[in-house]
Amino acid sequence: MALSDIQPERYDQLLAEKVAGVRDSFVDFMIPDVEVFASPKTNYRLRAEFRVWHEGDDLYYVMFEPGDNRNPIRVDTCEMVAPRIRDVMFELIDVIKENPALRFKLFQVDFLSTLSGELLVSLLYHRPIDDAWAQQVETLRERFSIDVVGRSRKKKLIIERDFVIEKLDINGRVYEYKQVENSFTQPNGEVCKDMIRWALDVTKDAGGDLVEFYCGSGTFTMPLAQNFKRVVATEISKTSVRAAEYNIEVNGITNLDVLRMPSEDLTLVLQGKKETRKVEGLDLDSCQFSTVLVDPPRSGLDDETVAQVTEYEHIVYISCNPDTLRENLKIITATHKVERFAVFDQFPYTHHLECGVYLTRK
């Protein structure tokens, strides 16, 4: 997406066009009225990455048009980033520009912020960084009240901490989320809250237990635990699992277990086709899994997982790719009916839309 694509005055029209496209794309599934959750029109991205350009004594951020890595476009304002990033990023680059130890061979700056106002900045270098660099970074931490991480080839230097703590108010309860640098987090905080509330609403009467694939650090998992007697979730990323374990403890969730294993493996365990010590003591045989939640990568669900999710009475499918969602639904709707269909505009001014589908057995 180019910065010139951010046109708040056209946002409503652009969103309506995307929603119309989704309706047309899923017309064969007889979906109900589409529930639409809009994004803030500006300052919506909680994480962003910018290349850094060196031009004589000058130093500034650049972006590139999609598919074009040869023609940098200077960035002196940025309406897409969250207020905390916006208020820091340009003064930060000016300070770095005047410090040879910080600017030398700096090629990228990543920002990770929260709705609750925290900010983590990652500085990426094409040279080794050491303790001398870390001493200079202290001036940035103090001046901007930020946390800083340095990356150079395979080396990572953490100044104080490499995470932020997000706080999301979900229907009157505030959940804390540890979000670690360089791992997946939802980029649009306000839309993320809408997604969680929607998932809570569609599963409020599901009953029984919940199994979740691709749970990340527990974004959906923790709030949804209130709707079920027990929740078992799986995630393959070690960083995300550790963050989920921290989040579960700090939020006092007592009916939730997160397993570090591929979704395919848990599928085989639940089918009785595989044994693993990772599930020892969980007494999965006693669980009454009525509902499954899947939030897969853009590639969608593999064939075995599609077959597994159709074993449940209720399915919550969060999708970041309508194309693979449509392919998966061709199989799933043979046994299940689409009861609710929502779109979430995580990425305004792009063609991307997140979808949420709630299905029940026919």
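Q: Which residues lie nearest the centre of the largest pocket?
A: We're looking at a predicted model, where local features need pLDDT of at least 70, side-chain atom pairs count only at pLDDT 80 or more, and totals for chains, interfaces and linings use all residues. Residues are numbered from 1 along each chain as its sequence is written, and side-chain values use heavy atoms, leaving out hydrogens and water. On a 1 Å grid over the protein atoms alone, a pocket is an open set of points with protein on both sides within 12 Å along at least five of seven lines, while a cavity is a set where a 1.4 Å probe fits but cannot get out; lining residues have an atom within 4 Å of a point. Of the 27 residues lining the largest pocket, those nearest its centre are R45, R47, A48, E49 and F50.

Q: Which element gives the largest share of that pocket's lining?
A: Helices (H or I, at least four residues) and strands (E, at least two) are DSSP runs numbered from the N terminus. The largest share is five residues, and it comes from β2.

Q: What is the volume of the largest pocket?
A: Grid points get joined across faces, edges and corners, and a volume is the space filled by probe spheres set on the points. For the largest pocket, that works out at about 780 Å³.

Q: How many residues in the lining of the second largest pocket are charged?
A: This pocket holds about 640 Å³ of space, and its lining has 33 residues, with F184, Q186, Y214, G216 and D295 nearest the centre. Elements giving two or more residues are β9 (163–170), β10 (173–180), α5 (189–202), β12 (231–235) and α8 (263–270). To sort the lining, count Ala, Val, Leu, Ile, Met, Phe, Trp, Tyr, Cys and Pro as nonpolar, Asp, Glu, Lys and Arg as charged, and the others, Gly among them, as polar. Besides 16 nonpolar and ten polar residues, the number of charged ones is seven.

Q: Which elements give two or more residues to the lining of the largest cavity?
A: The largest cavity has a volume of about 30 Å³. Its lining includes K178, Q179, V180, T239, S240 and A243. The elements that supply two or more lining residues are β10 and α7 (238–250).

Q: Why does the chain's radius of gyration agree with a compact globule?
A: The radius is taken over C-alpha atoms, and the globule rule is 2.2 Å times the number of residues to the power 0.38. With 362 residues, that rule lands near 21 Å, so the chain agrees with its value of 22 Å.

Q: Is T333 buried or exposed?
A: T333 sits in the loop between α10 (322–332) and β16 (336–344). Leaving out residues up to four places away in sequence, T333 touches F29, V338, L359 and K362, where contact means heavy atoms within 4.5 Å. Buried means under 20% relative accessible area, exposed over 50%, and partly exposed in between (1.4 Å probe, protein chains only). T333 has 16% relative accessibility, so it counts as buried.

Q: How many Å apart in space are T324 and F29, C-alpha to C-alpha?
A: T324 belongs to helix α10, and its 17% relative accessibility is why it counts as buried. Beyond its neighbours within four places in sequence, T324 contacts R298, S299, G300 and Y317. In sequence T324 and F29 are 295 residues apart, but in space, C-alpha to C-alpha, the distance is 14 Å.
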